[in-house]
Amino acid sequence: MNHTASRTRRTRIFLASAATASTLSLLAGCALPTTENAEAASSTAQQEATPASSTEDSSAEPTSEGSTGSDSETEAAMSENHDYWTADDSAAAETEEQSITLDGDTASTESESVTVQDSTVTITKAGTYRISGSLEGQVAVAAAEEDQVTLILDGATITNDAGPAILLTSADGVNIELAEGSTNTVTDAESYAEDAEEDAAIFADTDLQITGSGALEVTGRGADGIATKKDLVISSGEITVTAAGHGLRGKDALVVAGGTLTVDAGGDALRSNNEDDADRGYVLITDGTLNLTAEQDGIDAASDLLISGGTLDIVSGGGASVAAVEDISSKGLKAGALLVVDGGEITTDSADDALHSDGSIQLSSGTITAATGDDGTHAEHTLTIDGATVTVTESYEGLEASYLFIEDGEIGVTSSDDGLNASFNAESEAADDAESAEAAEATETTEQAQPGAGMGGEMGDDGSELIISGGTLTVDAEGDGIDSNGTLQITGGTTQVFGTTRGGNGAFDANGEFSIDGGTVVGTSVGSMEQTPASGEQGWVAASATGAAGEAATVVVASGEELGSVTPTKDYGYVFYSDDSVTAGETYSLENSQGSTEAVAGEAPAGGMGAGMGGGTPGEMPGTPEGIAPGEDGSEQ
């Protein structure tokens, strides 16, 4: 592997903020980086990738705004990664269209740039070629490296029992245009040799773009549907791909900018897999309608996965109700470095994580609805939600990251274990040995400095952060509602937590400091293991009170004035309330159909964990989930 590329990729992995809205607008317009910007980005990435870099240092922490670096550094790192090939329309217009008529195991043409040998039709020069008829054989492009070729498929049926039906071996780039009103079908061999490099119904060693308003039906019987070793760009058309392997694969880049794309794949539905070059291996979706069914990942990007528009409906691994197969990734959206959603409508139903990044995730706008047998959204480094509408309808854990920031948006989470979880993931592939050693040393220091910390190996503050500063968040969890293995800070927004009904967890849990400095925060839970804030400027009131699902509980000040109420979605034995009208030391009452319970603001009810890290029942450790992880016997999938 190219070590420079590897270091640059790791720099992007550890960027806490994936991209800004302006960056996505730039990408949607397909703006290419200038030489000056590219050199500056490369220089910045190289400097930050050194062992002394604060960006890659595991001790480097992002700000509460969710960014470890300046916007310019983020944009520079992103801009290098998103240039891709598209056809030159003016060049195609200057060439006279030439016709190729397919006929059984041969073809006829008057073009001197086309050869027909046995059942193979080969185009050798730049130009525009209209192809119609049926062929039991192969259409190939073997032009000069500077040549651009346009293939207009106009009612073409191509079937090859011996390999790819369309094979693009050399050219500057090839545009496959689907003629208006036409239906075209492409089918390849039923199997390939194990070491075959050309293994798709449409296979290209060149850049490839698909345009036009017609229809294309691709069947990859032996392996992939459409694959290129360079850029694959879908601009328009009605494209249906059925593949034994991956549906669409653009090694350097896979871009969908329009059209209707329906994929049923035995591997990934969409895939970009260049792991050797740090500025390649990305997927960009700006528009179009995508219906993706995959036995493995819905969309898999070796580096960045960027979505700024379009409608996506994804089913991976059979969906949330199916147990994920060990050692097979079946995630909805997966990125090796950055996953950014800044528009569009996304629905995922996956056996594994719905959204996953080995680096960071930023959800800035658009609508995301996810059902999963594992995590709703999982980032190894940072997850930032700053405007998107996110609904996790079914999950093991809802939102998980080392640094988890809720800044804006409408977020709803349903989970069989923790709703939100900030925790460093020991399985992270991004951290190198030096970073792991530093993290271990930092944890040991923390445990020595905090009495009681690190008990059972689970109680110490691991440095993770969970910060809620805006938006509307509703959590329905059977583990902890909101759990941080580091600090938990709430400074704004509206947060509702409906916690466990079975005990062993609480509405809120933090190994480090838990503070509230703003916003409206309500929580209910069974009441066996509840934690209250140890610091913060805003008052709060907590009471042990029994109630039933759908039954409102109202917080009333001594004067009789109602401060607010909460209507839990399930039975409860504990209620927590905080907003800017609560005054520490004053007595409030919690009223529901069961009666009235008095509580003093700032005082935890008897029998709970209280402020900071507390006890719980003998033999139990705070934060220990009673949920069963996916893959274990009796798991909720």
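**A glycine and its surroundings**

Modeller: Beyond its neighbours within four places in sequence, G267 is in contact (heavy atoms within 4.5 Å) with A244, G245, H246, A294, E295, Q296 and D297. This is a predicted model, in which local features need pLDDT of at least 70 and side-chain atom pairs count only at pLDDT 80 or more, while totals for chains, interfaces and linings use all residues. Residues are numbered from 1 along each chain as its sequence is written, and side-chain values use heavy atoms, with hydrogens and water left out.

Biologist: Where does G267 lie, and is G267 buried or exposed?

Modeller: G267 lies in the loop between β18 (253-265) and β19 (270-272), where strands are DSSP runs of E with at least two residues, helices are runs of H or I with at least four, and both are numbered from the N terminus. G267 has 3% relative accessibility and so counts as buried, given that buried means under 20% relative accessible area, exposed over 50% and partly exposed in between, with a 1.4 Å probe and protein chains only.

Biologist: Switching to charges, how many salt bridges does a search of the whole structure find?

Modeller: The search finds 18 salt bridges, each being a side-chain nitrogen of Lys or Arg within 4 Å of a carboxyl oxygen of Asp or Glu. One of them pairs R221 with D161, and the closest N and O atoms there are 2.8 Å apart. Because R221 sits in the loop between β13 (215-220) and β14 (224-228) and D161 in the loop between β7 (148-159) and β8 (166-170), this pair ties together parts that are 60 residues apart in sequence.

Biologist: What about D300 and K334, are they buried or exposed?

Modeller: Both D300 and K334 are buried, and their side chains meet in a salt bridge at 3.7 Å, N to O. D300 and K334 also belong to a network of salt bridges that links them with D268, R271 and D297.

Biologist: New topic: what is the order of the open sheet of four strands?

Modeller: The order is β44-β43-β46-β47, with antiparallel pairing, where two strands pair if DSSP finds at least two bridges between them. The edge strands, β44 (562-566) and β47 (595-600), each pair on one side only. Within the sheet, four bridges join β43 (residues 553-557) to β46 (residues 587-592), and V557 has Y588 in β46 as its bridge partner.

Biologist: Finally, what does the secondary structure of the whole chain come to?

Modeller: The protein chain has six helices and 48 strands, and 55% of its 637 residues are buried. Among the contacts in the chain with a separation of 6 or more, 56% are between residues 24 or more positions apart.
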